[in-house]
Amino acid sequence: MGEAIRLPSAPDACELCGRAAPLTRHHLIPKALHDKRYVQKRFDRLARITATLWVCRPCHDEIHRVFSEKELALTYNTRDALLGDARIRAFVDWLASKPAGFVPRR
């Protein structure tokens, strides 16, 4: 086996909305799809494992509410791609104006 892969530690704020809040690691290429051939053909092992963002729970929930895992793996697999979607951008812009402890009701 190769050298251990080290993922970056959590920043001080959500990488989408910028709020200081407890953060979760979002896998830009969903882990459930790492063994799928169409994912393996597009991304090497290192990319599949290390493509992550640190996001707050509301941003994380919104990402998974809006997109399927396949959409995330094939199209929305970068921070810029996520923020390029009007639905995510509107949510992130709205959430960014809320206090750190604010959690939207769904």
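User: How many salt bridges are there by the distance rule?

Analyst: Start with the caveat: this is a predicted model. The rule asks for a side-chain nitrogen of Lys or Arg within 4 Å of a carboxyl oxygen of Asp or Glu. By that rule the count is four salt bridges.

User: Which residue does R65 pair with?

Analyst: R65 pairs with E62, and their closest N and O atoms are 2.7 Å apart. Now the general idea. An α-helix has 3.6 residues a turn, so residues three or four places apart point the same way. Here, R65 and E62 sit three residues apart in helix α3, about one helical turn. E62 is buried, at 5% relative accessible area.

User: Where else does a helical turn separate two partners?

Analyst: Look at helix α6. R89 and D93 are four residues apart there, again about one helical turn. Their closest N and O atoms lie 3.3 Å apart. R89 is partly exposed at 36%, and D93 is partly exposed at 45%.

User: Which residues of α6 are buried?

Analyst: In α6, residues 86–96, the buried ones are I88, F91, V92 and L95. They span an arc of only 95° around the axis, so they lie on the same side of α6.

User: What covers them?

Analyst: The cover includes β2 (52–56), α3 (57–66) and α5 (79–84). Helix α3 also holds the R65 and E62 pair.

Technical notes
Residues are numbered from 1 along each chain as its sequence is written. This is a predicted model: local features need pLDDT of at least 70, side-chain atom pairs count only at pLDDT 80 or more; totals for chains, interfaces and linings use all residues. Side-chain values use heavy atoms; hydrogens and water are left out. Buried means under 20% relative accessible area, exposed over 50%, partly exposed in between (1.4 Å probe, protein chains only). Helices (H or I, at least four residues) and strands (E, at least two) are DSSP runs, numbered from the N terminus. The arc is that of the directions from the helix axis to the C-beta atoms. Contact means heavy atoms within 4.5 Å.
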